[in-house]
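Subject: Structure handover

Hello,

Here is the structure for your files. Please have the viewer open as you read; my notes follow below.

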Amino acid sequence: MQEFLAKAKSCTQQLATLDGKTKNRILNKMADALEDNANIIISENAKDMKAGKEENLDTALLDRLYLDESRVADIAQSLRDIASLKEPVGRVLDGWVTEDNLRIEKVSVPIGVVGVIYESRPNVTSDVAGLCFKSGNVAILKGGKEAEHSNAIIAKILQRVLEIYKLPKEMISLLPDSTREGVAELIRQDKYVDLIVPRGGEGLISYISQNSSVPVVKHDKGLCHTYIHRDASHEKAIRIAVNAKCQRPGVCNAMETLIVDFAIAKDILPKLYKYFIDAGTKLKGCAKTKQFIYIDSATDKDFNTEHLSNQLNIKVVENLGEALEHIAKYGSGHSEAIITENYSATEKFLDAVDASCVYVNASTRFTDGGAFGFGAEVGISTNKLHARGPMGINELTTYKFKIYGNGQVR
């Protein structure tokens, strides 16, 4: 492990000083290589899909895992989108001259070696590799066992492109020991690794946060809420709520709890009920909800669970204040939304909710690096320090101070 990480660390200076045009050219070549090898990628992915079905992975996980020609094309396009972004390294963030006539510049620089631990989706391998490369960081990737063959072929294709350009393949690597013991060792290697980014289940996030000696940016669960305020447009509310839950239920930015104002519950809940039942959504609700629609009871455990499936909790509240209390109690700091035409309610919600992304009259499904214009994302950070929300190339940089003098001494 140490030999492997030492090789990765040795690439950091070369990658950090690679010019933007060269990085973009390589990223576009990587995109072409993925498309040129689509049949091989799909063939390797079929091995993972077969094993996943034999191990009875749930439908949401299988959907994340699956690759076809269209999805490979999307993966390639993400790399092209990353290449088209402004260069994140070397940005002058601030500058001034001191009383001693020192000229100081605060300049963005790469973090160094970034270890990313993730599950299921093989597109993450390419997305994270591309984001790290663009931002001048060496990427150490640890995907899930369920995507072993898919991740391996994607990484191999990207490494071949690096070698074509006479760059070390260690700039983008899969962790050689993908066991739990391998992960445990990786997160203690603070001599070689500068940042760990875990994205996955609650158990994984908790384990890494508690045991890592390397700084961690958590990409925790998405307990996302949509609150339909009494002054909401019912047409907007229904369209947004159904999209937030049903468009893709197995992702972290999907709604897990719908909150409805009591003043409009009698009118809007039966309409929502029909749409959700038609979409095959399993509904559970609080006691007040059950006054208006016949569904199972939601428990405290339900409100605390990221289902990642087509299951939805419903909570009826008396007012905005109670909605805010519910979100503060159960929210994970990911994405929260209010549907309303009331300006005062909008501003109070935006200011009071403690989450990385807070929406007005839009679906939480937009919390995504691509949708935000980042090309892709390392994940959705629920941290408050360093990075928060979709983590793109700028969040993969830190900064240094460059000080220009002319013989000054103190």
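**Overall picture**

The chain has 15 helices and 16 strands. Both are DSSP runs numbered from the N terminus: helices are H or I with at least four residues, strands are E with at least two.

Some ground rules come next. This is a predicted model, so local features need pLDDT of at least 70 and side-chain atom pairs count only at pLDDT 80 or more, while totals for chains, interfaces and linings use all residues. Residues are numbered from 1 along each chain as its sequence is written, and side-chain values use heavy atoms, with hydrogens and water left out.

Size first. Along the principal axes, the C-alpha atoms fill a box of roughly 75 × 65 × 35 Å.

Of the 410 residues, 52% are buried. Buried means under 20% relative accessible area, exposed means over 50%, and partly exposed lies in between (1.4 Å probe, protein chains only).

Among contacts with a separation of 6 or more, 72% are between residues 24 or more positions apart. A contact means heavy atoms within 4.5 Å.

Now the charges. There are 52 positive and 54 negative ones, and their mean positions are 1 Å apart. Lys and Arg count as positive, Asp and Glu as negative; His and the chain ends are not counted. Each charge is placed at NZ of Lys, CZ of Arg, CG of Asp or CD of Glu.

**Aromatic pairs**

Rings of Phe, Tyr and Trp (its six-membered ring) pair if their centres lie within 6.5 Å; planes under 30 degrees apart count as stacked, over 60 as edge-to-face and the rest as tilted. By this rule there are 5 aromatic pairs.

W96 and F401 make an edge-to-face pair, 6.3 Å centre to centre with 75° between the planes. W96 sits in strand β1 (residues 92–97) and F401 in strand β16 (residues 397–404), so the pair ties together parts 305 residues apart in sequence. W96 is partly exposed at 37% relative accessible area. F401 is also partly exposed, at 44%.

F303 and Y330 form a tilted pair: 5.6 Å centre to centre, 45° between the planes. F303 is in helix α13 (residues 300–303) and Y330 in helix α14 (residues 320–330), 27 residues apart. Both are buried.

One aromatic cluster is formed by W96, Y399 and F401.

**Backbone points**

Most residues other than glycine have a negative phi. N56 has a positive phi near 60°. N56 lies in the loop between α4 (38–54) and α5 (59–65), and is exposed at 65% relative accessible area.

N361 has a positive phi too, of about 55°. Its place is the loop between β13 (357–360) and β14 (380–381). N361 is partly exposed, with a relative accessible area of 23%.

One last distance. S84 belongs to helix α6 (residues 69–84) and is exposed at 59%. The C-alpha atoms of S84 and P168 are separated by 23 Å, and the two residues are 84 apart along the chain.

Best regards
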